[in-house]
Amino acid sequence: MVRVPEDEPSPKRDTGALRQRLLRSLAAPFRRPGRFERLLAVTRLQGQDPRIRHQLVVPHATYSPWWTDAAFMRTFEAVRHATLVDIYRLYELWRSVEQVAPVEGDILEVGVWRGGSGCLIAAGAREHCPDAHVYLCDTFHGVVKAGAPDNEFVGGELSDTSASRVRELARRLGLDNVTVVEGVFPDETGGRIAGSKLRLAHVDVDVYASARDSFRWIWDRLAPGGVVIFDDYGFHDCEGVTRFVDEVASRPDVMFVHNLNGHGVVLRR
């Protein structure tokens, strides 16, 4: 057995120090106000709405708590193949479920695709909100209600899924707190949501009219302290959702947070 002299750094400590220096070096340009943003200016894109402008957003922070959240990482690995939502937004959904535990009501996701984010929410609810039922609502035939306010979606996108596929994912995860609801929400399926109150809603519908109709239905049922998270708020191809959420943000009965991961978070005062 070879011993490392005490006055020399161990390989483990040396590797840790190297990683720390590397992290600081990579993060340093981001912390110099204006320098990196000026470089990112080449990515600027004018939106369809003249009040909206896009640019690649690179936050300056380094704290990454999801890597040490074992329960989240287990669930993430189980659902990552069934979602287009990145780890940053998924972790925010996971933590949001935990944070609304004291609020009364069920949980709703509108816009499910293959069920990855919805089942992750349900797994979090099983741990933190065992009294909440989780409703996963989708047409399972693609995006609906696309119209003039929407800059890229025309309808029918993301149809490569099925309700049975989502139910199978929930079954594999052992989730008995999930109901998959098939049809246009809320027009065809709002009456199938049994609970009278909601504590959390995740709206991932890509277009203005669908976001508007979903929010109106949800807001009438959202308990005080409840949260609505719009997945598509910060993305260039979902400008209709950006426009709608900006309208909602001006209401006196909401507190609005624009998270740089792309989420628009609306809290009921």
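**Before selecting anything**

The model is predicted: local features need pLDDT of at least 70, side-chain atom pairs count only at pLDDT 80 or more, and totals for chains, interfaces and linings use all residues. Residues are numbered from 1 along each chain as its sequence is written, and side-chain values use heavy atoms, with hydrogens and water left out.

**The whole chain**

Display the C-alpha trace of the protein chain, which spans about 70 × 45 × 40 Å along its principal axes. Colouring by secondary structure shows 8 helices and 9 strands; helices (H or I, at least four residues) and strands (E, at least two) are DSSP runs, numbered from the N terminus. Of the 269 residues, 48% are buried, where buried means under 20% relative accessible area, exposed over 50%, and partly exposed in between (1.4 Å probe, protein chains only). Among contacts with a separation of 6 or more, 71% link residues 24 or more positions apart; contact means heavy atoms within 4.5 Å.

**The sheet**

Next, select the open sheet of 7 strands, whose order is β5-β4-β3-β6-β7-β9-β8, with mixed pairing. Two strands pair if DSSP finds at least two bridges between them. At the edges stand β5 and β8 (254-258), each with a single partner strand, so one side of each has no neighbour in the sheet. On average, neighbouring strands are turned by 15° against each other, direction ignored; axes are lines fitted to C-alpha atoms, for helices over the stretch in contact, and angles run from 0 to 180 degrees between N-to-C directions.

Zoom in on β6 (residues 198-203), which pairs with β7 in the parallel sense over 5 bridges. The bridge partner of His202 in β7 is Ile229. Then move to β9, which runs antiparallel to β7 and is joined to it by 4 bridges. Val266 of β9 is the bridge partner of Val228, and Val266 is also the bridge partner of Phe256. The pairing of β8 with β9 is antiparallel, over 5 bridges. These two strands form a hairpin with 5 residues between them, and Gly262 in the turn has a positive phi of about 110°.

**Helix α8 on the sheet**

Select residues 239-249, helix α8, which packs on the sheet and touches β7, β8 and β9 (264-268); its direction makes about 140° with that of β8. Within α8, highlight Thr242, which is buried with a relative accessible area of 7%. Leaving out residues up to four places away in sequence, Thr242 touches Ile52, Asp232, Tyr233 and Phe235.

**Helices α4 and α5**

Select α4 and show its buried residues, among them Leu90, Tyr91, Leu93, Trp94 and Val97. The elements that cover the buried residues of α4 include α3, β3 (106-110), α5, β6, β7 and β9.

Continue to α5, in which 10 of the 13 residues are buried, so this helix is largely enclosed by the rest of the structure. Its buried residues include Gly116, Cys119, Leu120, Ile121 and Ala125.

**The nonpolar cores**

A nonpolar core is a set of buried Ala, Val, Leu, Ile, Met, Phe, Trp, Tyr and Cys residues joined through side-chain atoms within 4.5 Å. The largest has 41 residues, of which Phe72, Ile107 and Val134 touch the most other members. Elements giving two or more residues to this core include α3 (70-79), α4 (87-99), α5 (116-128) and β4 (134-138). Centre the view on Ile107: beyond its neighbours within four places in sequence, its contacts include Val97, Ile121, Val134, Tyr135 and Leu200.

**The cysteines**

Finally, select the cysteines. How many disulfides does a search of the whole structure find? The search finds 0, a disulfide being a pair of cysteine sulfur atoms within 2.5 Å. The closest cysteine sulfur to that of Cys119 is in Cys137, 13 Å away and too far for a bond. Cys119 is buried, with a relative accessible area of 0%. Cys129 is in no disulfide either, its nearest cysteine sulfur being that of Cys119 at 16 Å, and Cys129 is buried with a relative accessible area of 1%.
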